[in-house]
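Please review the contacts in the model below.

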Amino acid sequence: MDSNEVSAELKKERPNKSLLLAICAACIGGTFQYGYNISIINAPTKSVQNFINQTWLERYDEDISEQYLTLLWSNIVSIFTIGGFIGASIGGTLAIRFGRKGTLMMNNAFALLAALLMGLSYPTGLFELLIVGRFFTGVNAGIGICVQPLYLGEIAPRALRGAMAMGTSIFITGGILTGQVIGLNELLGKEEHWPILLCTTCIPAFLQLIILPWFPESPRYLLIDRGDDVGCRKAMKQLHGADNFDREWEDMERERVSAIGIKPKKPWQLFMDRSLRWQVLTIILLNAAQQLNGINAIYFYTDYVFEEAGIPDVNIPYVTVGTGACECLTALTCGMLIESLGRKVLIIGGYTLMAFWCICFTLTLTFQGAGLWMPYLSMGCVFAFILSFGLGPGGVTNILTTELFTQTSRPAAYMIGGSVNWLSFFVIGMVFPFIVTKLQQYCFLVFLVISVLVAVYIFLVVPETKNKTFLEIHTEFQSGDKRKASKADDGPRTTLLSTPL
């Protein structure tokens, strides 16, 4: 069977119903929690601050100072990223020891504990429990965003790997949108409901504990890491159908043979392995850029842009829900396009469009008072930037982390990528207010440069991974290194181009 026949056969594949349900079961307690817990903390800001002030008054017979109140609230919000960093740092190790599914199941303990602590904070009058609860919420999100994409990438057939792995982004954006809706005044956004709102993080955890046990462990983990042929075949039959997993089995067998005698690698071993240097550099850059590309700045300016457009303050939360719906819709669109256009086209196109909208947004903010229509152009730039992010970086980054590594390296790669992502999230949260103060709307020129540089890097270094096995992708990177090495041997002119990193 030639490559054209294989490609035509791959295009005919449709996901098994059991595979789709397994992805939903993994995502509801994984990246959905990440998106949900990012967004629900916004609605009760004033309510929680009032609770802290009242508790302080009861304890010390005086009002809390404005500076200390701001510090406590900042701790409640930012401790989530510290927990996420720790969760991402241990997620890969847990996935190797307990399996992908086993780790996802265990991870729900952190969400349930967080919900309990945050729910008890109001009746006990201990606002400190909110800080501890948000920390455990972050640990849950960090492990989930590390292990769940790993599970999705390993259970999906080659032809559908990109589309199925888009479940990560779809459920992140779905979690953000759900949190925005739940936080509206008509639901749990009123002041007296904030303890219930923060406790709702237990609902996705309970759902996953009920649903995920009905689905199997990752077949690749069973075969390559555990050597369980029988368990792997059983899992493949359930996920892909009894007569539709021969090609996937052959791919996994080849990968197992190549991994014989090789133990799962630790993160520091990936840095020391010269055959993986470009893959490691790629996931570091992509995960850092996912937080540093300006998407957080866009959300920072959203309320200001909406106010300038004449939208009443009471209606801004509903328009914000519109931005969440926009991002969710884009993730769904990316899922439908990724197997036809490929990963490289989408992510380069996404970063290129984001660079363009950075220019437009800078101009519209600079000339905000030039006409009554200018604020509406700014609103258009907000939605266009969010669409571009969801179509490229927001959707494709996690898929590439799965595809650029083989079984023995993949958990460590997710630990590195996840840790960089959370660290960048924390840094941008700490530094961004100062960037805005100094540069104001011109801060988007910084994000313009970042977006352009990342797009150029991907174009020059990262191969297209669509419809390729993990071994084929790994071989392609090695072939690129060999070509660079051979050019270095041709003469002094090319030596500078192949200087090792």
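A salt bridge here is a side-chain nitrogen of Lys or Arg within 4 Å of a carboxyl oxygen of Asp or Glu. The model is predicted: local features need pLDDT of at least 70, side-chain atom pairs count only at pLDDT 80 or more, and totals for chains, interfaces and linings use all residues. Residues are numbered from 1 along each chain as its sequence is written, and side-chain values use heavy atoms, with hydrogens and water left out.

**Salt bridges**

A search of the whole structure finds 14 salt bridges.

| E255 | R220 | 2.6 Å |

Helices are DSSP runs of H or I with at least four residues, numbered from the N terminus. R256 sits in helix α14 and D229 in helix α13 (residues 229-240). The two are 27 residues apart, and their pair links distant parts of the chain.

What is the burial state of E255 and R220? Both are buried. E255 forms a salt bridge with R220. That pair also links distant parts of the chain: E255 lies in helix α14 (residues 246-258) and R220 in helix α12 (residues 219-225), 35 residues apart. Salt bridges with shared partners join R100, E154, R220, E255 and R410 into one network.

**Nonpolar cores**

A nonpolar core is a set of buried Ala, Val, Leu, Ile, Met, Phe, Trp, Tyr and Cys residues joined through side-chain atoms within 4.5 Å. The largest one holds 121 residues. Within this core, I52, F444 and I458 touch the most other members. Helix α7 (residues 128-155) gives the most, with 14 residues. Why does the core lie between domain 1 and domain 2? Domain 1 (17-215) and domain 2 (265-478) both give residues to it. The domain bounds come from an automatic or database domain assignment.

Contact means heavy atoms within 4.5 Å. Not counting residues up to four places away in sequence, I458 touches L286, K344, I347, I348 and Y351. There is a second, separate core of eight residues, including L223, C232, M236 and M252.

**Packing of α3 and α9**

Helix α3 (residues 31-39) packs against helix α9 (residues 167-182) at an angle of about 35°, with the axes 7 Å apart. Axes are lines fitted to C-alpha atoms, for helices over the stretch in contact, and angles run from 0 to 180 degrees between N-to-C directions. On the α3 side, the residues that meet α9 include F32, Y34 and Y36. On the α9 side, F171, I172 and I176 are among them.

**Two single residues**

T55 lies in helix α4 (residues 45-60). T55 counts as buried because its relative accessibility is 5%. Leaving aside neighbours within four places in sequence, T55 is in contact with G125 and F127.

V314 lies in the loop between α17 (295-308) and α18 (316-341). Its relative accessibility is 62%, so V314 counts as exposed. V314 and A156 are 158 residues apart in sequence and 44 Å apart in space, C-alpha to C-alpha.

Methods. Buried means under 20% relative accessible area, exposed over 50%, partly exposed in between (1.4 Å probe, protein chains only).
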